[in-house]
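Hi,

Here is the structure I promised to pass on.

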Amino acid sequence: MDHEFDRKPDDSQDKHEQAKTSFEDLQKLMEQFKITADEPKATEPEQSEGEQPMDEPVLSVDELIERAAVASGEQPLEEAETEQEDAPAEPVHGPEKAEATEKAEPAPERQPEPAADTKPKAETPAKAHSRKKTAPKKKTIRKKEMKPAATQEELEQQEREAILEGSAKRRHPDQPAATVNLDKTKKSEPKKKHRKNSKAAMARRRKKRLMRLGTVVVLLLVAIVLIVSAVKALSSRSSKEDAAAGSAVLTEEQKLEQRKKEGPASQQESKQYLAIKDDDSLPSYAKKYPGLYAKAVDKPNKLSEEKVCYLTFDDGPSTSNTPGILDVLKKENVKATFFVVTSGIDEKTAPILQRIVDEGHTLCIHANEHAYDDLYASTEAYLEDFANAYDKIYELTGYRVQGFRFPGGSNGQVNSSGCYDNIVTEMTRRGFEYYDWNAYAHDAEGGNYSPEEMADMAVHEVDISSRNDVIMLMHDTYGKDKTVSALEQIISQLKEEGIKMLPITNSTRPVHFEVSDATPQEYDENAEEESDSAEEDSNSSDSDGEETE
């Protein structure tokens, strides 16, 4: 069936005739309704006895048409049009959109056939209702036919409004309204929002990565700074230690130069000298050598509770034997005492003298010149020889001597010289102590003993000594090679017997010979015991009740 809009323009005359005929039919229909309303209600059914008559209002033509439409199940034409206009257009995409567009266009209706010229017959009320129903519909349809078709933009706007209405029903009241863009050439808002969110998330992740990277870089820099600081501290510390060591060496050299510039140590005034310089009761030699003083012992020396051996070496140092003896002592971790003769010290032996001091051994004076006649000629002669040895040792090492040993012993030539008492008195006043011996390694008698025999004799004398403080005499001068060989065996045997070996200090109890006897006291056990008992008796008679030795 052809659509009305497909007709050609030359049919306008037919349309005019058709409209005229429809209008005439409508007028006839209205007259028929009017005649029907004016007729008496003869055809109304009789009312039942129980029912009361109801006054029905006279209805207009429009109301009759609406009632006829309701009775037939159709909506009034105006309401249908209103609902059709107000109904939100559902969003349709793709092929369904095209079908919806076609449905939205007014469907073509069958062209009504022209009315017959003959006068219509009287119509029943049902037919009148149908006529009333169809006539306005045709009129409405004609209006729709005359209305131009909706454009694509209007359809898209309808879809847009429908989407917005649906989203408005679903969204939360606090949620902002959405916008809809149906332009297919542009990207939709959700995608843009998603991409914006994605970019923001990527930016946040990038920022976090940069922050983590920055933190790692900062930690690495801090670690590097700490490591560099530690390395610098260690290097500076080592450099300071090296500088200190170098300065120590330089300081020793400077001290040596300073000691040379200051002059002999025996001529430097000391506190002990200042205390006696105005005392006229002292001999003249007591005021000589104002620096020739030693530190006096505050308390009297006591006998050791256990047997102790003090290894001593006379007449050194020598380049042939003293270094070997020092090596054995260092190997065995034993300290000893060296009574040196300073006249033989030169550039070769001066380092040996310094080694004795550096390795913790005790340095004492034996003599400057080992010549009995010159040494014991007078008290002044002995003091002069002693001062020369004292000054040389201090100049080379900075060491101030505390003790000495008479060449030949205290019961030797010094005893027969007639100045023994004055020498001992003066040296004791100045704070110096002399040490004899009570054990001997027999390395200076001229006997041809082997190192084993020398070791056995030396250890035997230590064992038989009645004193716990045993001072053993040995020599380290030239020609005493057997002493070096015997020393290691002596130390080994003493260690096996549990006897300690110590260096002499100002707290060591000295051994003195009896000057009236030709034989040293330590070799006479009876005399040693009598001497010790006499000392104990004198100490026990002390009125202060101090502890006896």
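Lys287 and Asp280 meet through their side chains in a salt bridge, at 3.5 Å from N to O. Keep in mind that this is a predicted model. Lys287 has 27% relative accessibility, so it counts as partly exposed, while Asp280, at 68%, counts as exposed.

Another salt bridge joins the side chains of Glu332 and Lys495, at 3.1 Å from N to O. Glu332 sits in helix α9 (residues 322–332) and Lys495 in helix α16 (residues 481–496), so this pair ties together parts that are 163 residues apart in sequence. Glu332 is buried, because its relative accessibility is 18% and the cut-off for buried is under 20%. Lys495, at 39%, is partly exposed.

Then there are Arg355 and Glu359, whose side chains form a salt bridge at 2.6 Å, N to O. Salt bridges with shared partners link Asp327, Arg355 and Glu359 into one network. Arg355 counts as partly exposed at 24% relative accessibility, and Glu359 as buried at 19%.

Now for helix α14, which covers residues 420–429. Which of its residues are buried? They are Tyr420, Ile423, Val424, Glu426 and Met427. Looking down the axis of α14, you'll find these buried residues within an arc of 170°, so they line one face of the helix. Asp421 and Thr425, on the other side, are exposed. The buried residues of α14 pack against α12 (379–397), β4 (403–404), α13 (413–416) and β5 (433–434). After α14 comes Gly431, with a positive phi near 95°.

Cheers

Definitions and conventions: Residues are numbered from 1 along each chain as its sequence is written. This is a predicted model: local features need pLDDT of at least 70, side-chain atom pairs count only at pLDDT 80 or more; totals for chains, interfaces and linings use all residues. Side-chain values use heavy atoms; hydrogens and water are left out. Buried means under 20% relative accessible area, exposed over 50%, partly exposed in between (1.4 Å probe, protein chains only). Helices (H or I, at least four residues) and strands (E, at least two) are DSSP runs, numbered from the N terminus. The arc is that of the directions from the helix axis to the C-beta atoms. Contact means heavy atoms within 4.5 Å. A salt bridge is a side-chain nitrogen of Lys or Arg within 4 Å of a carboxyl oxygen of Asp or Glu.
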